[in-house]
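Q: I'm new to this structure and would like to learn how to read it. Could you take me through the strands and helices?

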Amino acid sequence: MLHLVIADAELELVPRPIRDHPAVVNHAKRRGKKPEEVLLDSTYHHAALKKLPDGERRGRPDIVHICLLNALESIANKEGKLRVYVHTRNDEVIYIKPETRIPRNYNRFVGLMESLFRDLAVPKNLELLRMEEKSLVELVEEINPDGIFVMHEDGKAMKPSEFGKILSGLRNPVVIVGGFPHGDFRSETPWERISLYDAPLMAWAVVNEVIISFEHWIF
């Protein structure tokens with residue numbers, strides 16, 4: 001079983017310091033919501049983000065959306081060989097059941113995430129998505145893996161096929177992929193770092209390479 005963690009994901013509701021910013025207020029009003037009920041999104045809140053620490057990297061739910069679409073539609077997930085988690089910048093962990101079908105439409109996905117932040121589980125009777133307060137280190141300890149790998153541009157260079165072979169030889173490996181557009185992890189990541197290419201890759205590209213390389217050796 002491969003455990004894939006999208007870590008330090010830039011997924012959060014609009015934080016308190018910018019809830020009265022015109023860009024936030026107007027966007028929330030158009031959607032018929034209060035500012036504190038709206039997902040932070042750099043597309044709509046770019047001007048407000050300039051007032052936040054790390055504002056240049058925050059408000060990127062699109063990264064999580066694309067990563068989840070790719071991972072949950074993979075052969076590994078359909079065959080019961082993959083578990084996917086999202087860890088946010090504010091130390092929340094989203095547990096995702098393998099049978100979950102993430103909306104392909106981005107706006108519907110945003111609405112789903114807003115419901116999850118409000119209710120902590122969606123839908124409440126099935127809990128296909130469930131959120132808990134938890135750090136990345138705590139999540140990894142909970143999984144209790146026999147191998148932990150952090151995908152990082154400064155990591156040990158390795159061909160995807162070689163990495164897939166290593167993953168296939170483990171019982172319960174964890175692979176951590178950063179869910180942010182640039183920069184480094186905010187969380188502690190005291191584990192082996194791996195690089196699959198000699199230039200930076202977007203998070204969803206790394207997710208694809210990891211899963212496909214893993215599938216090559218187990219199917």
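Predicted model: local features only at pLDDT ≥ 70, side-chain atom pairs only at ≥ 80, totals over all residues.

Q: Which residue is the bridge partner of glutamate 92 in E5?
A: Strands of a sheet pair through backbone hydrogen bonds, either parallel or antiparallel. Here, glutamate 92 has glutamate 133 as its bridge partner in E5. The strands E3 (residues 92-96) and E5 (residues 129-133) pair in the antiparallel sense, with five bridges.

Q: What joins E4 to E5?
A: Two bridges do, and these strands run antiparallel. Valine 122 stands opposite leucine 129 in E5. The hairpin of E4 and E5 has six residues between the strands, and there glutamate 127 takes a positive phi near 50 degrees.

Q: In what order do the eight strands of the open sheet come?
A: Read them as E4-E5-E3-E2-E1-E7-E6-E8, with mixed pairing. E4 and E8 (192-195) are at the edges with a single partner strand each, so one side of each has no neighbour in the sheet. For a parallel pair, take E6 and E7, joined by four bridges; valine 150 has isoleucine 176 as its bridge partner in E7.

Q: Which residues of helix H2 are buried?
A: Buried means under 20% relative accessible area. In H2 (residues 42-49), that applies to His45, Ala48 and Leu49. Down the axis of H2, the buried residues fall within an arc of 90 degrees, so they line one face of the helix. Their cover includes helix H1 (22-30).

Notes. Residues numbered from 1 in each chain as written. Heavy atoms only, no water. Pairing = 2+ DSSP bridges. Buried < 20%, exposed > 50% of the residue type's maximum accessible area, 1.4 Å probe, protein only. Arc of directions from axis to C-beta. Contact = heavy atoms within 4.5 Å.
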